[in-house]
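Student: I would like a close look at a single part of this model. Please start with the whole chain, then settle on that part and follow what surrounds it.

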Amino acid sequence: MDNSKKWYAVYTKPRWEKKVHLLCDQQHIESYCPLNKVRKKWSDRIKLVHEPLFKSYVFVHVSEAEKTKVREVGGVLNYVYAEGKPAVIREEEIDMIRKFLDEFEDVQAEPVDVKVDSRVTINTGALMNQSGIVRRVLGNKVEVLIESMGYLLVAHVSKAKVSNKD
């Protein structure tokens, strides 16, 4: 049996992302719940809060043998499937999400169901030398697609920071 660990995405109950991440940690299951830094305004203050970037998703890093253990975690509904089996998320994509969230605040994740236009390389910043697929560039807004998740990460990046990849 293959004991190498791979990243998978799991569906959670609504608004259970942080709780599932904590429960996985308590059961010694490596997990990652990408948290977006968002400034919330109340009548008397503005506060920086951490919200899950992907609603109802948590990533788990498990071997084939540990997959059943993940299903037993409270709040986990199922794995995200692609082509009839749990979709494997590449390590590079997990790293890109981490770097993306470290550099930007108030990131937006929007589901997409269409193919993209061009592949670019980011020239500066935390994502330097990372290639990605750009959906569109409007002003300084660049939309970067994470293919295996089917989500679009949106950040305000200067056009000068990206170049076409040949």
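Tutor: The protein chain exposes about 9800 Å². Carbon and sulfur atoms supply 48% of that area. Accessible areas come from the Shrake-Rupley method with a 1.4 Å probe, and for residues only the protein chains shown count as cover. This is a predicted model, so local features need pLDDT of at least 70 and side-chain atom pairs count only at pLDDT 80 or more, while totals for chains, interfaces and linings use all residues. Residues are numbered from 1 along each chain as its sequence is written, and side-chain values use heavy atoms, with hydrogens and water left out.

The protein chain has three helices and 15 strands. Both are DSSP runs numbered from the N terminus: helices are H or I with at least four residues, strands are E with at least two. Of the 166 residues, 40% count as buried. Buried means under 20% relative accessible area, exposed means over 50%, and partly exposed lies in between (1.4 Å probe, protein chains only). Among contacts with a separation of 6 or more, 64% join residues 24 or more positions apart. A contact means heavy atoms within 4.5 Å.

The part to look at is helix 1, residues 17-26. Its buried residues are Glu17, Val20 and Cys24. They cover an arc of only 65° around the axis, so they sit on the same side of helix 1. That arc is taken from the directions from the helix axis to the C-beta atoms. Turn to the other side of helix 1: Asp25 and Gln26 are exposed there.

Cys24 is buried, at 0% relative accessible area. Its closest cysteine sulfur is in Cys33, 10.0 Å away, too far for a bond. Cys33 is buried too, at 6% relative accessibility. The structure holds zero disulfides, the cut-off being a pair of cysteine sulfur atoms within 2.5 Å.

Next, the end of the helix. Just after helix 1, His28 takes a positive phi of about 60°, although His28 is not a glycine. His28 lies in the loop between helix 1 and strand 2. It is exposed, with a relative accessible area of 71%. A second residue of this kind is Ser56: not a glycine, yet with a positive phi of about 65°.

Tyr11, Tyr32, Phe54, Tyr57 and Phe59 form one aromatic cluster. The structure holds six aromatic pairs. In one of them, Phe54 and Phe59 have ring centres 5.9 Å apart and planes at 90°, so the pair is edge-to-face. Both residues are buried: Phe54 at 1% relative accessibility, Phe59 at 0%. Another pair is Phe100 with Phe104, which is tilted, at 5.1 Å centre to centre and 50° between the planes. Phe100 is buried at 2% relative accessibility. Phe104 is buried at 14%. Rings of Phe, Tyr and Trp (its six-membered ring) pair if their centres lie within 6.5 Å; planes under 30 degrees apart count as stacked, over 60 as edge-to-face, the rest as tilted.
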